Amino acid sequence: MSTSEKPLRIDIVSDVVCPWCVIGYRQLAAALEQTNTAHTIHWHPFELNPNMPSEGQNLREHIIEKYGSTKQESDASRIRMTEAGQEVGFEFNFNDDTRMHNTFNLHQLLHFADQQGRMHELKQALFAAHFTNNREISDINVLADIAAETGLDRSESLAVLEGQFFAKEVRAEEQHWQQQGIQSVPAIIFNERHLVSGAQGVENYISILEQLANMTE
């Protein structure tokens with residue numbers, strides 16, 4: 001479908017602990033593949049819960065506190081997310097011990113990975129670590145393990161986290177996107193001009209991509 005020599009630039013503002021971020025990305029990825037759209041993806045940080053303590057919190061307790069949801073509403077939401085994930089080949093394994101985490105360290109690690117050309121791989125690995133495998137991503141040693149599994153140097157990754165080497169850079173980028181009006185995620189910006197919020201579904205993303213292609217003809 002792609003008629004332009006220049007690939008479509010896609011900026012995605014998201015958080016690793018945001019279930020609709022991975023669902024929305026998977027939907028978009030399917031649409032990109034089905035439309036054969038040349039593209040580049042650029043991930044950007046957003047913290048769903050910047051005030052979350054470092055040890056995290058039980059997810060169900062967090063959702064009830066933050067949104068006033070009942071257990072029944074929480075269960076129904078988990079079923080919807082699990083089914084939406086299955087549709088795009090992503091596995092959610094929610095349980096009573098699933099936790100919400102502070103993700104500031106994750107975003108610093110992703111910043112480091114970007115310098116090594118492995119940000120996209122690490123982002124996908126972190127989604128799976130959190131939602132599929134219920135790994136303790138509040139633990140910097142676990143984060144260093146995940147980094148190593150994606151081809152990054154484990155000791156360098158651990159040093160980045162222990163030293164908070166990219167704290168200022170991550171904070172500055174978060175503030176940049178907040179100043180652009182981004183208050184919820186996923187926020188997907190096409191060609192630095194067209195903002196699409198939320199998980200739109202594969203067919204809607206196909207329609208969006210077709211419209212963008214027509215605009216460049």
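This is a predicted model: local features need pLDDT of at least 70, side-chain atom pairs count only at pLDDT 80 or more; totals for chains, interfaces and linings use all residues.
Residues are numbered from 1 along each chain as its sequence is written, and side-chain values use heavy atoms, with hydrogens and water left out.

**View 1. Packing of helices H4 and H8.** Helix H4 (residues 104-115) packs against H8 at an angle of about 100°, the two axes being 9 Å apart (helices are DSSP runs of H or I with at least four residues, strands are E runs of at least two, and both are numbered from the N terminus; axes are lines fitted to C-alpha atoms, for helices over the stretch in contact, with angles from 0 to 180 degrees between N-to-C directions). H4 and H8 are therefore roughly perpendicular to each other. Phe104, His107, Gln108 and His111 of H4 meet Ala167, Glu169, Val170, Arg171 and Glu174 of H8, where contact means heavy atoms within 4.5 Å.

**View 2. The open sheet.** Four strands are arranged in the order E2-E1-E5-E6 with mixed pairing (two strands pair if DSSP finds at least two bridges between them). Because strands E2 (39-45) and E6 (194-197) stand at the edges with a single partner strand each, one side of each is left without a neighbour in the sheet. The twist from one strand to the next averages 20°.

**View 3. Strands E1 and E5 with helix H8.** E1 (residues 8-14) and E5 (residues 187-190) pair in the antiparallel sense over four bridges, and Val13 stands opposite Ala187 in E5. Helix H8 (residues 167-179) lies across E1, E2 and E5, running at about 105° to E2.

Note on methods: Angles under 35 degrees count as roughly parallel, over 145 as roughly antiparallel, 65 to 115 as roughly perpendicular and the rest as oblique.
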